[in-house]
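Please read the following as a walk through one structure, taken a part at a time.

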Amino acid sequence: MNLKSARHLVNGSWHTAGSAKDVTDPGNGSTVGEVAWGTAGDATKAADAAAEAFGSWSRTTVRQRADLLRTAAELLADRRDELAHTLALEAGKRLPEAQGEVDFSVEYFRWFAEEARRTTGTVSPPELQGRRHLSTRKPIGVALSLTPWNFPVSIQARKLAAMLAAGCTVVGRVSEKAPLAATGLFEVLHDAGFPAGVVNLVHGPSREITAALMSHPAVRAVSFTGSTGVGRQIMASASERVVRPLLELGGNAPFIVFEDADLDAAVEGAVLGRLRNTGQSCVAANRFLVQDSIAEEFAQKLGARFDAMSIGHGVPDDGAPVPDLGPVIDADRVSAVQALVDDAEERGARRVTQRTSVPAQGSFLAPTLLADVPDDAPLVTEEVFGPAAGVVTFSSEEEAIRKANATEMGLAAYVWSGSPRRGWDIPEQLEAGIVGVNDPLPSVAFAPMGGAKQSGLGREGSSLGLEEFEEVQYVAWRP
Ligand SMILES: NC(=O)c1ccc[n+]([C@@H]2O[C@H](COP(=O)([O-])OP(=O)(O)OC[C@H]3O[C@@H](n4cnc5c(N)ncnc54)[C@H](O)[C@@H]3O)[C@@H](O)[C@H]2O)c1
Ligand SMILES: O=CCCC(=O)O
């Protein structure tokens, strides 16, 4: 595999048209590779290739598609360590988390290899003698897979596996901040034997490439993961040609802890829920809503856990232990998170964590917990996307639910309680697409992933993820 150079894949051939940009290791600022920097013309060629391949690929049997997806899963698993190493370097991940991301990506290819065979339709009983009513599911057309840097491999895998299982051909674009391992994923698909033109990839300036792809007449679906702001722009441009949008956007997950929770388990859940991927996860626990009777104890225990974490490069030299926390993606992310913390302190929030020192080289932040955070502080009203969070208190279930839902975002939410009734009742009242009950890591390939409100439209994974790339055709038949 060539994991130093993110190239374009068009009609089965790799090339590096255009100039190139460096890809940087957030853990020390060194260059780890380069990404080809194409143009709108390259994007159009990729969409042309996908359009040309659609006719034959959409008519392959589900058995053929399932077999290829299974081969891709096996090849991806074989290349796991190589891919994870590059992924850890370019995205600033801890090596075990990068390995976990590739393993998770394998699951999507396995799952959709199985789901491909279940694209069944219905036959409805007729109301008049002799008539027949059938509905079938067909691939929608050329689909676009546009993804961010935080989970660059697994988010592409979640989209590509579903699109290919449905019988769509694909053009992908990945974030220039972490394009190498994601390009390695496309290489896996190429090497697994997907025919030329079925899977294409183009790198380059986001607006120009996306505009060229969205205006291509064969493109019928766009699956975008990223910020809500860019998601709105994608949705507006999808409206021009009535392209079907699937949008996985920003979050602001409440992590609600009731006084009947196992407090130590809740604290451990909070560490994982907040600090997985150095806090840069769309489903991350963004703000802690804690019942007032246990709020101080929760904050002190969580603050102590944050302060005790080791911080460093995610791929340490010479067999040194992997640190508990890696860098964030770049200096802009450091400043954005720091600004939210500073602002909350100016509004009267109290710092619970003590540590401020971080490694001198690279984009690091000390994990930070604040208490007594006002309800309107951006630290709790906005997506932090980094290793900091605030504790807000509540005194009743009603107040917890009101505060949890007081956001335009609705991706994930977490509930910690020992009460089976709360485990059932509270999720029903939360405006979120995903709820973890005593579970800080809800994502699995076989369950639906997606958000309510401004966190997005549609679902990925599960059987619903396949339907996003299918058109239902109804046939009324008088034999
Ligand atoms: N809901 C989910 O499943 C999910 C998953 C991961 C990340 N996210 C969200 O993504 C955001 C962080 O990722 P990001 O900073 O890469 O997001 P982003 O929206 O800035 O970028 C996402 C992708 O879109 C491209 N892009 C940027 N501006 C564009 C434009 N004007 N037109 C077309 N493409 C454009 C980027 O190059 C990147 O590839 C967070 O808000 C996070 O919550 C959501
Ligand atoms: O950032 C969003 C993806 C998170 C996940 O897949 O669990």
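A polar contact here is a pair of N or O atoms within 3.5 Å; within protein, one must be able to donate a hydrogen and the other to accept it, and residues adjacent in sequence count only if both atoms are side-chain atoms. By that rule, a polar side-chain atom of Ser443 lies 2.5 Å from an oxygen atom of ligand 2. The protein covers 99% of the 240 Å² of accessible area that ligand 2 has on its own (Shrake-Rupley method, 1.4 Å probe; for residues, only the protein chains shown count as cover).

This is a predicted model, in which local features need pLDDT of at least 70 and side-chain atom pairs count only at pLDDT 80 or more, while totals for chains, interfaces and linings use all residues. Residues are numbered from 1 along each chain as its sequence is written, chains are lettered from A and ligands numbered from 1 in the order in which they are written, and side-chain values use heavy atoms, with hydrogens and water left out.

The side chain of Asn150 has an N or O atom 3.0 Å from an oxygen atom of ligand 2, and for a polar side-chain atom of Arg158 the distance to a ligand 2 oxygen is 3.1 Å. The residues around ligand 2, including Phe104, Phe151 and Cys282 (a heavy atom within 4 Å), divide into four nonpolar, three polar and two charged. In this classification Ala, Val, Leu, Ile, Met, Phe, Trp, Tyr, Cys and Pro are nonpolar, Asp, Glu, Lys and Arg are charged, and the others, Gly among them, are polar.

Ligand 1 is surrounded by 26 residues, the closest being Thr147, Gly226, Ser227, Leu249 and Glu383. By class, ten are nonpolar, eleven polar and five charged. An oxygen atom of ligand 1 lies 3.1 Å from a side-chain N or O atom of Trp149, and a polar side-chain atom of Glu176 is 3.2 Å from an oxygen atom of ligand 1. Of the 830 Å² of accessible area that ligand 1 has on its own, the protein covers 88%.

How many salt bridges does the model have? The count is 31, where a salt bridge is a side-chain nitrogen of Lys or Arg within 4 Å of a carboxyl oxygen of Asp or Glu. One of them joins the side chains of Arg79 and Asp191, at 2.9 Å from N to O. Arg79 lies in the loop between helix 2 (62–78) and helix 3 (80–91) and Asp191 in helix 6 (residues 180–192), so the pair ties together parts 112 residues apart in sequence (helices are DSSP runs of H or I, at least four residues, numbered from the N terminus).

How values were computed
Helices (H or I, at least four residues) and strands (E, at least two) are DSSP runs, numbered from the N terminus.
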